[in-house]
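Thank you all for coming; I would like to walk you through one structure this morning, going slowly for anyone who has not seen it before. Please have a look at it first, and then we can go through its parts together.

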Amino acid sequence: MLNKKQIRFNLKSMAKRMLKGSWKPAVAVLLIPAFVELSFTLLLYATANLLGLAPIFFSWDNFFAASAAQIYTYTRLSALTSLMQTLLLVPIGFGAAAWFLSLIHGEREPVSAVFCWLDSLRRLGKSLLMALLLGLRILGWALLFLLPLCMAFGGFVFHLAQRGIWLLPPSGGVLFYELPGTGQAISPEMLPVVYPQAVLMLLGLAALTLVLGVFFCLVLMRYLPVAYLLNRYPEQPCGALIRQGVHMMKGHLWEGLWLQVSFLGWLIAAGLVSWLLSLPFRFQPGVVASVFTILVFPIPFLFVAAYRSVTNLLFCQYAEDSSRLRDGQAPYAAYPDEEPFPSGWGTSAQGLPDDSPRDTSLPWDPGSSETP
């Protein structure tokens with residue numbers, strides 16, 4: 001059995017091999033949501049311009065200086081645009097996952113397949129329902145993790161306030177300290193000397209934030225297979241698919257998190273490439289720079305996103321096969337028709353049955369050639 005590092009290496013190697021010759025359509029698939037978002041942004045701007053609300057876009061001062069009627073009109077317009085944008089972006093996002101899943105299966109679907117979840121009201125409604133259920137679960141976990149963090153921060157502020165330390169004093173500034181009973185103000189630079197407990201509490205609060213952030217990321221890994229399962233089993237109820245995804249990820253949360261962290265280097269490289277591409281446009285007119293920022297700047301990140309999407313789907317397939325093995329079922333890749341194991345399978349060294357339709361090794365198989 002390969003170790004987890006080898007499996008991660010093999011997953012990424014297979015993803016690059018699957019994307020070979022398909023990088024352009026893969027980036028085009030990911031550009032479609034960006035164009036949809038850009039179109040609604042331009043629509044909002046054009047409508048607001050007709051209503052005389054365009055300056056609100058550019059400055060918070062203009063926003064707060066606007067009349068109540070203007071702000072109310074702009075808020076309604078922005079909410080309506082956001083709702084319409086969500087109704088399109090959610091099914092398109094699941095459609096992008098469907099396109100990448102077909103690529104994994106060796107099928108070259110047209111880029112228009114990204115709209116597959118918009119071909120009927122039933123499928124559109126199911127995609128929106130899945131997004132709603134997933135969002136409610138993530139929101140619940142976020143509130144659960146924010147509660148102890150808010151309590152710790154509130155205790156920290158209260159403890160400082162009792163000793164004359166104010167984070168936002170009425171006179172302005174960021175930090176103010178007054179020696180009790182003297183009225184003498186102390187600068188923030190002297191705080192570690194005068195009151196070192198505040199520094200220790202601040203470090204503890206930062207450590208608590210880091211720990212809760214890591215655990216929240218692990219919780220998010222529970223829902224990583226949602227798009228994968230929705231496209232593989234589109235007839236199953238949304239709640240059942242979410243529960244199946246959580247069951248699949250048991251024992252694979254840290255693997256999934258490390259897989260996401262492994263793309264950090266690629267994201268840094270994409271940011272560097274985008275920064276280099278932006279140099280010729282720094283002294284161009286504002287319109288040219290804006291068009292570049294919207295259309296050209298994200299392209300290196302889209303290549304990384306395509307690479308990451310295929311890798312994540314392969315990881316979900318790996319987690320599903322592991323889950324089926326754990327439950328005493330044959331891997332999906334070996335038995336797509338949901339057949340159980342043959343009698344006595346796994347009790348001998350015979351491995352997969354000879355009639356298995358899978359004729360190529362998967363990246364997590366011990367016999368896979370994709371090893372470091």
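Let me begin with how helices and strands are assigned here: they are DSSP runs, helices being H or I with at least four residues and strands being E with at least two, and they are numbered from the N terminus. Counted in that way, the protein has 13 helices and three strands. What you are looking at is a predicted model, in which local features need pLDDT of at least 70 and side-chain atom pairs count only at pLDDT 80 or more, while totals for chains, interfaces and linings use all residues. Residues are numbered from 1 along each chain as its sequence is written, and side-chain values use heavy atoms, with hydrogens and water left out.

For the overall picture, we call a residue buried when its relative accessible area is under 20%, exposed when that area is over 50%, and partly exposed in between, with a 1.4 Å probe and protein chains only. Of the 372 residues, 35% count as buried. Taking contact to mean heavy atoms within 4.5 Å, we find that, among contacts between residues at least 6 apart in sequence, 67% join residues at least 24 apart.

Let us turn to helix H4, which covers residues 68–104. The expected span of a helix is 1.5 Å times one less than its number of residues, so the 37 residues of H4 should span 54 Å, and the end C-alpha atoms, being 53 Å apart, agree with that. Within this helix sits Thr81, which counts as buried because its relative accessibility is 8%. If we leave aside its neighbours within four places in sequence, Thr81 is in contact with Phe40 and Leu44. Just after H4 comes Gly106, with a positive phi of about 85 degrees.

Next, the charged pairs. Side chains of opposite charge can pair when their charged atoms come close. The term salt bridge is used here for a side-chain nitrogen of Lys or Arg within 4 Å of a carboxyl oxygen of Asp or Glu. How many salt bridges does the structure hold? There are three salt bridges, and I will take them one by one.

In one of them, Arg123 pairs with Asp119, the closest N and O atoms being 3.2 Å apart; Arg123 is partly exposed, at 22% relative accessible area, whereas Asp119 is exposed, at 54%. In another, Arg122 pairs with Glu235, and here the closest N and O atoms are 3.2 Å apart. This pair links distant parts of the chain, with Arg122 in helix H5 and Glu235 in the loop between helix H8 (226–232) and helix H9 (238–248), 113 residues apart. Both Arg122 and Glu235 are exposed.

The remaining salt bridge joins Arg232 to Glu320, with 3.1 Å between the closest N and O atoms. Arg232 lies in helix H8 and Glu320 in helix H13 (residues 299–326), so this pair ties together parts that are 88 residues apart in sequence. Are these two residues buried or exposed? Arg232 and Glu320 are both buried.

Finally, a word on cysteines. If a disulfide is a pair of cysteine sulfur atoms within 2.5 Å, the count comes to zero. Cys217 counts as partly exposed because its relative accessibility is 32%, while Cys238, at 5%, is buried.
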